[in-house]
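Reader: Could you walk me through how to read a few features of a protein model?

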Amino acid sequence: MKVIEEIKISYFRSFSQETRIFNLNDLNIISGKNDSGKSNILKALNLFFTEEKVDFYNEVNFEKDFAKSRADQSKEKKIKKKIQISILFNRIKFSGGVLPNTFWVEKEWDKDGILINRKTKDYSGHLIYHNSSTTKVEASTTSFLKKIHFLYIPAIKDNSFFDYLKKEYQQSLGVKMSKLTQVDKKQKLTLKEWMEQLSAGDITDLLGQKIDSEADGMMKHFVTNTRELSESNFNIPELDFSKVLEVVTENEIPLTSRGDGIQAKFIPQILNEITRNKSADIVIWGFEEPENSYEYANAQLLADKFKNEYSIDKQIFVTSHAFNFISLKGDNISLFRAWKENFEEGTKIKYIANQEKLFDSDDSIRLKEELGIIQLNQELEEFFKNREKEREVELESYRCKSEELNTQITNLTKPLIITEGKTDWKHLKKAHIVLGIGLDIEFWEYINDMGYTSLDKMIEEYQKISHSKKIIFIFDSDQNLMNEKYGREKFNIHGNNIYSFCIPKISDELEKISIEFYYQDNELKTYDKENRRLFVGNEFFKSGNSLSGEYQTQIKNKCETLTIIDEKVFLKEDLANLHSKALSKNTFAENILNETNGFENFNFENFNLIFNVINDILKD
């Protein structure tokens, strides 16, 4: 919903001269290098609407917020120091009294940072009069500006910002409850009469009777849009809006205690809820870098929501470096490039018109270069080429494994155990022998690695065919995707004698693990004859340095996790030679299976947990 047609900024921060920003739209995306001045556009809007603050955290400070190059000119030419911000408004559906359909509102701040002047002008820049006076015009302007609710969202969000969001939501909720209270005083109404008085959403609220149940209804909007918060809820003290609204996510964890990514995902939803409750107002967002703390895929979902949902009933100004945002196309979107030629001229901004052919113009290409997108695209192209080659190799490997497995299944005389990795069956086979378990089973003893994705595909394929003997697929429990799919039940029945399960947890500390963790800690870290061993991610800091100070690993994505590291671990004193001290998982398993010196007396008791599940399947 476009209400601002044009912005004019003079002598504010990096805007050293009068700068006009036009071709505005419902969703306006401003991009450019760091320190290009793009966020100063949002700060100018915030100062215009609040008249006292340049952003969420800071009051206007003329010494800091007056353009530095203009300050130098003022000293030389004795020019009066002032900040000027003007906005060309479109009255849209709101009556403006004596105001025309489009009009300028111009505001000025003096050297003390105090608003000293506000004028209402026509499109040509002339003062608007009514009956030879501006009194009624200014009154209409004041009335119009009061309808606008400007929300500024900083790039860095601390607890005070979340407190602000809570209070905004309280106020918006209070407006709705006030409306409901007024309706409640009426005589008994039929359903038809209720519908004439209230929206469907309001009726739903009334049926709840209590404010906390109303809040639960509102949360459905959050739940459908934020998967990580599927069990979230609001706790609102009944009818007491002076208390702070608390947002509590799943497991009763306050939102402010969650990670930055979870918090970031909640912010647009709360803001949108505020907008929905303030349906009579004009709402404008000034949103700095909304993609902060988002993974790439989720940033794309967010950008699409800004385009298709959030900008429908509000006008939005966004600063962004993210390709997800600057590549958005549509009739309701305008893209701008912000840059600086030099200190004296300050920030310049230009509308990039060819949204349907993004990055064809000179300005588009410059923006692309400034953001490093050319290099990024080259790297992505190379990545996808390599990934395609890897997929071809994986597919060929899968075909070979399927042929090998088909041969074994054809001649099955016993239930068959198929494990996720080429090492897992070795551990289970040895445990089966040592524990003396009387299960009449056999293992698929494949040599080349397979992984959980191939195992997943095999289940989909083999469950379609009838089998004379049971085939049991066993996954590690260290992958969330497989845990969700196969780990919710003790075991899964797929039909046609196909079963699956994830290895059971040993304890609350050893829950999402690979099979190596079924051994005792000292066994897991047994050295071989070449003084190598398995390492665990929690032995290392994120930097790759070990807690003991003795080792360093290059596998930093596994550091501080309960994951096996079986390569690229080096003695810090021997980094120049780069002889890895990590034992491979396959060699570790081979040593146990063959009872190599030092690996012959391992404790296999925990493996009973797996064989108990297999036994239950065989009884099924």
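Author: Helices (H or I, at least four residues) and strands (E, at least two) are DSSP runs, numbered from the N terminus. This is a predicted model, where local features need pLDDT of at least 70, side-chain atom pairs count only at pLDDT 80 or more, and totals for chains, interfaces and linings use all residues. Residues are numbered from 1 along each chain as its sequence is written, and side-chain values use heavy atoms, with hydrogens and water left out.

Reader: Where is Asn531 found?

Author: Asn531 sits in the loop between α17 (521-524) and β20 (535-536).

Reader: What is the phi of Asn531?

Author: Most residues other than glycine have a negative phi. Asn531, which is not a glycine, has a positive phi near 65°. Asp35 is not a glycine either, and its phi is positive at about 70°. Asp35 lies in the loop between β3 (27-31) and α1 (38-50).

Reader: Is Asp35 buried or exposed?

Author: Buried means under 20% relative accessible area, exposed over 50%, and partly exposed in between (1.4 Å probe, protein chains only). Asp35 has 64% relative accessibility, so it counts as exposed. Asn531, with a relative accessible area of 44%, is partly exposed.

Reader: Which classes of residue make up the lining of the largest pocket?

Author: Ala, Val, Leu, Ile, Met, Phe, Trp, Tyr, Cys and Pro count as nonpolar, Asp, Glu, Lys and Arg as charged, and the others, Gly among them, as polar. The lining of the largest pocket has nine charged, nine polar and four nonpolar residues. At least two lining residues come from each of α15 (452-462) and α18 (585-593).
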